[in-house]
Amino acid sequence: MEYTLIPGTGMRISKICLGTMTFGSPVARPDAVRLVQDAYNRCGVNFIDTANMYEGYDRCAGSAGGVAEEILGEAVAHCRGDYIIATKVGMKVGQAPEDENTSPKAIHTQLRRSLARMKTDYVDLYYLHKYDPDTEPHAIARAMGEQLRAGLCRAWGVSNYTAAQLAALLNAAREEGVPAPCLCQPALSMLNTGALDELLPLCEERGVGVVPYQILQGGMLTGKYRRGAPAPEGSRLAEKPEWMKPLTDAAYSVIELCAREAAQSGVSMTQYALRWALAQPGVVSALVGVKRLAQLQEAAAALG
């Protein structure tokens with residue numbers, strides 16, 4: 001495994017980040033606990049990503065979430081210091097006003113709930129999971145400054161922000177005298193390159209590290225889907241098609257290009273797509289969601 005520092009911090013993270021969105025279902029609790037522990041012990045992956053909303057395939061709009069955080073807390077209970085843990089706030093997890101978005105009250109309330117579920121005193125990185133149109137950037141920056149000073153989080157970042165939204169937040173943090181968001185988590189893959197236009201150049205200019213998600217596009221860039229063939233059993237398309245990008249002719253053309261270039265490079269499609277993501281400007285780690293250790297081992301081998 002290769003490691004790097006989160007910009008502006010002393011935190012050393014693996015260049016592969018393990019995602020936990022499917023913890024609970026389809027990755028059952030005992031398997032998920034084992035996966036987190038094996039990720040570190042067998043692959044050297046110390047960077048784990050979760051969110052207050054994650055509850056696997058059982059997720060529906062506004063449901064309470066918390067399942068993945070509880071599982072992660074169990075997995076790291078006796079070795080918390082070995083891991084860099086990121087969680088998120090912002091998606092709807094209930095009916096109260098503080099159960100959605102990133103108002104100061106939501107940040108205060110949801111961070112403490114996340115810590116309680118994970119049975120930890122702090123989170124290493126706290127992401128704003130989505131842009132909040134109802135809370136101005138200075139109020140968010142001040143609220144995050146309070147959590148940093150309280151020691152409940154060591155650093156913060158954003159997910160699903162545009163370049164303009166991130167620039168406004170960076171400026172607000174500077175004006176408020178608050179440490180700037182240090183990581184940005186956009187969707188990015190060979191099938192979704194929009195973040196390359198403005199967001200990644202901004203992150204590189206302002207010293208914000210990038211940790212892209214959906215780099216395998218729900219398995220579309222792993223080689224499991226073939227033009228004209230049915231969805232393989234156990235695949236995301238078979239189990240949760242509403243979480244998938246449409247498999248259009250244009251998508252298949254990119255998939256087939258990835259397959260050819262991977263073959264020419266002597267690596268699997270998964271490894272080629274991962275290397276592509278890690279080679280983009282400002283990317284410090286790539287988020288990978290897996291069901292089995294073997295899938296994580298294949299991804300880790302891309303760094304060899």
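Strand 4 (residues 47–49), helix 2 (residues 67–75) and strand 5 form a right-handed β-α-β unit, right-handed meaning that, with the strands pointing away from the viewer, the path from the first strand over the helix to the second runs clockwise. Helices (H or I, at least four residues) and strands (E, at least two) are DSSP runs numbered from the N terminus. The model is predicted, with local features requiring pLDDT of at least 70 and side-chain atom pairs pLDDT 80 or more, whereas totals for chains, interfaces and linings use all residues. Residues are numbered from 1 along each chain as its sequence is written, and side-chain values use heavy atoms, without hydrogens and water.

Strands 4 and 5 pair in the parallel sense over three bridges, pairing requiring at least two bridges found by DSSP, and Ile48 lies opposite Ile85 of strand 5. On its other pairing, strand 5 joins strand 6 in the parallel sense over four bridges, where Leu125 is the bridge partner of Ala86. From strand 5 the chain crosses through helix 3 (residues 104–118) to strand 6 in a right-handed β-α-β crossover.

Six of the six residues of strand 5 (residues 84–89) are buried, so this strand is largely enclosed by the rest of the structure; buried denotes under 20% relative accessible area, exposed over 50% and partly exposed in between, with a 1.4 Å probe and protein chains only.
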